Amino acid sequence: MSTKNRSDKSSSSTTTKDKYTIILPTYKERENLPIIIWLISTELEKCFIDYEVVIVEDNSPDGTLEVAQQLQKIYGEDKIKILSRPGKMGLGSAYMDGIKKSTGNWVILMDADLSHHPKFIPQFIEKQKKLDCEIVTGTRYQSGGGVFGWNLYRKLTSRVANYIASVLLTPGVSDLTGSFRLYRKDVLEKLITQNKSKGYVFQVEMMVRANQLGYQIGEVPITFVDRIFGVSNLDSGEIVGFLKSVLNLFMNIE
Ligand SMILES: Nc1nc2c(ncn2[C@@H]2O[C@H](COP(=O)(O)OP(=O)(O)O[C@H]3O[C@H](CO)[C@@H](O)[C@H](O)[C@@H]3O)[C@@H](O)[C@H]2O)c(=O)[nH]1
């Protein structure tokens with residue numbers, strides 16, 4: 001955890017007006033979307049957390065957009081916002097466009113496929129307040145965290161990749177490839193604008209840059225559950241290129 005240059009720390013403190021925007025990128029998530037929205041609303045409303053959800057939908061062929069529109073009718077336009085894009089443009093740009101539609105001062109990035117349970121969001125917020133930090137990341141690799149549903153190969157690959165990336169790039173952050181995170185909005189905007197990586201390394205670079213800029217990163221153990229409906233949208237070849245990209249990041253980060 002970095003405690004370096006924290007010049008803009010004053011704006012990190014939460015106030016009673018805190019609002020949390022949850023950005024949900026979707027590609028072929030028709031079955032998962034109603035469940036994740038219901039879980040988000042249940043978990044956050046019972047903790048009196050002010051929130052909105054921004055769904056960034058990339059013209060999925062399975063009718064995810066129509067499901068999102070139905071959900072917007074049920075939950076209200078103040079709670080569910082939809083950004084409909086013409087085609088599959090990738091996770092990084094989905095986050096970037098989602099931020100533009102957000103009205104919260106804090107942003108939560110999470111998957112829509114039920115891998116990330118919204119019950120952890122109140123814990124992220126509690127940790128942020130306790131540390132007065134700018135970022136909180138979910139971690140599968142601290143005591144209390146874990147992964148369910150992956151085969152041994154994927155578990156090992158992820159564990160080793162995270163270990164190597166952590167040692168080389170950001171000691172103190174145990175889960176660099178995870179994407180379930182809470183960011184202060186201005187910090188997220190700054191990091192995402194500077195980010196040059198794609199795929200799994202995108203999440204790694206976010207933490208590396210945050211560390212370099214002196215932002216404090218808190219961790220909350222989470223359980224990651226492999227999706228039941230649908231398939232992963234990231235290339236399998238990505239795992240092969242991961243170590244090369246981490247090494248590249250290590251050599252070239254400015
Ligand atoms: N809008 C949009 N959404 C997308 C796109 N690609 C994926 N998504 C959405 O992004 C989320 C994660 O996509 P998956 O394809 O299921 O990702 P994954 O392989 O399981 O990888 C996840 O875990 C990794 C760590 O293990 C993370 O590094 C990665 O970012 C992601 O969270 C889902 O909600 C999915 O619908 C896209 O091009 N556009």
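This is a predicted model: local features need pLDDT of at least 70, side-chain atom pairs count only at pLDDT 80 or more; totals for chains, interfaces and linings use all residues.

Reader: Which order do the strands of the open sheet follow, and what is the pairing called?

Author: Seven strands make up the open sheet, in the order 3-2-1-4-7-5-8, and the pairing is mixed. Strand 3 and strand 8 (217-221) are the edges, because each has a single partner strand, so one side of each lacks a neighbour in the sheet. Neighbouring strands here are turned by 20° against each other on average, direction ignored.

Reader: Which helix touches strand 1, strand 2 and strand 3?

Author: That is helix 1, which packs on the sheet, and its direction makes about 165° with that of strand 2. Helix 7 also packs on the sheet, touching strand 5 (135-139), strand 7 and strand 8. The direction of helix 7 makes about 40° with that of strand 7.

Reader: In what sense does strand 1 pair with strand 2, and over how many bridges?

Author: The two pair in the parallel sense over seven bridges. Two strands count as paired if at least two bridges are found between them, so strand 1 and strand 2, with seven, qualify. One of the bridges joins Ile 23 to its partner Val 54 in strand 2.

Reader: Where does strand 1 meet strand 4?

Author: Strand 4 (residues 106-109) runs parallel to strand 1, and four bridges join them. Thr 21 stands opposite Val 107, Ile 22 has Ile 108 as its bridge partner, and Ile 23 has Leu 109.

Reader: What makes the pairing of strand 4 and strand 7 antiparallel or parallel, and how many bridges are there?

Author: Strand 4 and strand 7 (residues 181-184) pair in the antiparallel sense, over four bridges. Trp 106, for example, stands opposite Arg 184 in strand 7. As background, strands of a sheet pair through backbone hydrogen bonds, either parallel or antiparallel.

Reader: What is the handedness of the unit made by strand 1, helix 1 and strand 2?

Author: Those three elements make a right-handed β-α-β unit.

Reader: How do you know that the span of helix 1 agrees with what a helix should have?

Author: Helix 1 (residues 32-45) has 14 residues, and at 1.5 Å a residue these should span 20 Å. The end C-alpha atoms of helix 1 are 20 Å apart, so the two values agree. The check works for helix 7 (residues 200-212) too: its 13 residues should span 18 Å, and the end C-alpha atoms are 19 Å apart, which agrees.

Reader: Why is Ser 41 called buried?

Author: Buried means a relative accessible area under 20%. Ser 41 has 7%, so Ser 41 is buried. Ser 41 is found in helix 1, and it touches Tyr 51 and Tyr 75, not counting residues up to four places away in sequence.

Reader: Which elements do the buried residues of helix 1 pack against?

Author: They pack against strand 1 (20-26), strand 2 (51-57), helix 2 (64-75), strand 3 (80-84) and helix 4 (121-131). Among these buried residues are Leu 33, Ile 36, Ile 40 and Leu 44.

Reader: Why is Val 160 called partly exposed?

Author: The partly exposed range lies between under 20% for buried and over 50% for exposed. Val 160 has a relative accessible area of 44%, so it falls in between and is partly exposed. Val 160 is found in helix 5 (residues 152-168). The C-alpha atoms of Val 160 and Pro 34 are separated by 34 Å, and the two residues are 126 places apart along the chain.

Reader: What makes strand 1 mostly covered?

Author: Seven of the seven residues of strand 1 are buried.

Conventions
Residues are numbered from 1 along each chain as its sequence is written. Side-chain values use heavy atoms; hydrogens and water are left out. The expected span of a helix is 1.5 Å times one less than its number of residues. Buried means under 20% relative accessible area, exposed over 50%, partly exposed in between (1.4 Å probe, protein chains only). Contact means heavy atoms within 4.5 Å. A crossover is right-handed if, with the strands pointing away from the viewer, the path from the first strand over the helix to the second runs clockwise. Axes are lines fitted to C-alpha atoms, for helices over the stretch in contact, and angles run from 0 to 180 degrees between N-to-C directions.
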